[in-house]
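Please read these notes with the model open beside you.

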Amino acid sequence: MEKKKAPPPVADINVTPMVDVMLVLLIIFMVITPMLTKGVSVDMVRTHNPIAMQNADKEDAVLVAVTREGKVVLSPGNIQTTADQLPEKVKDLLTNKVDKTVYIKSDRRAKYGVVEDVVDNLRAAGVDELGLLTEQIPDKNATPAKPGAAGTQPASAP
């Protein structure tokens, strides 16, 4: 009787499980990435000559968003609040910070009165520098602008 031999060991790497794991990770990152945007999405006012405000894109930048419906959202943390509650919340966020600039991002169809209340309450909180974020109107003849926050000159306290 003939003795059966075991097949020789396979030295090749089976990449199928690795490809499966990589595809799952790719799908997870594709789903999570849109949720990582900072703050609330608003349709900002467009201007021809905005001033670049690179500090508005930082992780620890204090950003107040006013939506079309008049909701006020404070970032970091995406805290929905009212204009009256802004002073104490902004004071807490600005303690121990070197840059005390607060950036306001407002929907272009938001009521002017709500934005004015936000500015007044930020001034009441002792904010010296305000940056009003806008988008640049694309010029047909110019080269495309670099992505990033653009806005009006930060206003100083009178």
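**Notes on the fold**

1. Among contacts (heavy atoms within 4.5 Å) in the protein chain between residues at least 6 apart in sequence, 69% join residues at least 24 apart. This is a predicted model: local features need pLDDT of at least 70, side-chain atom pairs count only at pLDDT 80 or more, and totals for chains, interfaces and linings use all residues. Residues are numbered from 1 along each chain as its sequence is written, and side-chain values use heavy atoms, with hydrogens and water left out.

2. The protein chain has three helices and eight strands. Both are DSSP runs, numbered from the N terminus: helices are H or I with at least four residues, strands E with at least two. From the N terminus on, the order is α-β-β-β-β-β-α-β-α-β-β.

3. The accessible surface of the protein chain is about 11600 Å² (Shrake-Rupley method, 1.4 Å probe; for residues, only the protein chains shown count as cover). Carbon and sulfur atoms hold 59% of that surface. Of the 158 residues, 28% are buried. Buried means under 20% relative accessible area, with a 1.4 Å probe and protein chains only.

4. Look next at strand β3, residues 62–66. Five of its five residues are buried, so β3 is largely enclosed by the rest of the structure. In a regular strand, side chains alternate between the two faces of the sheet. Here both faces are covered: Val-62, Val-64 and Val-66 are buried on one side, Leu-63 and Ala-65 on the other.

5. Which strands pair with β3? Pairing requires at least two DSSP bridges between two strands. Strand β6 (residues 101–106) runs parallel to β3, joined by five bridges. Leu-63 has Tyr-103 as its bridge partner in β6. Strand β4 (residues 72–75) pairs with β3 in the antiparallel sense, over four bridges. There, Ala-65 is partnered by Val-73.

6. β3 and β4 form a hairpin, with five residues between them. Check Gly-70 in the turn: its phi is positive, about 95°.

7. Helix α2 covers residues 86–94, and its buried residues are Leu-86, Pro-87, Val-90 and Leu-94. They span an arc of only 90° around the axis, which puts them on the same side of α2. The arc is that of the directions from the helix axis to the C-beta atoms.

8. What do the buried residues of α2 pack against? Their partners are β3, β4, β5 (79–81), β6 and α3 (112–124). Asn-96 follows α2 and has a positive phi, near 65°.

Definitions and conventions
Buried < 20%, exposed > 50% of the residue type's maximum accessible area, 1.4 Å probe, protein only.
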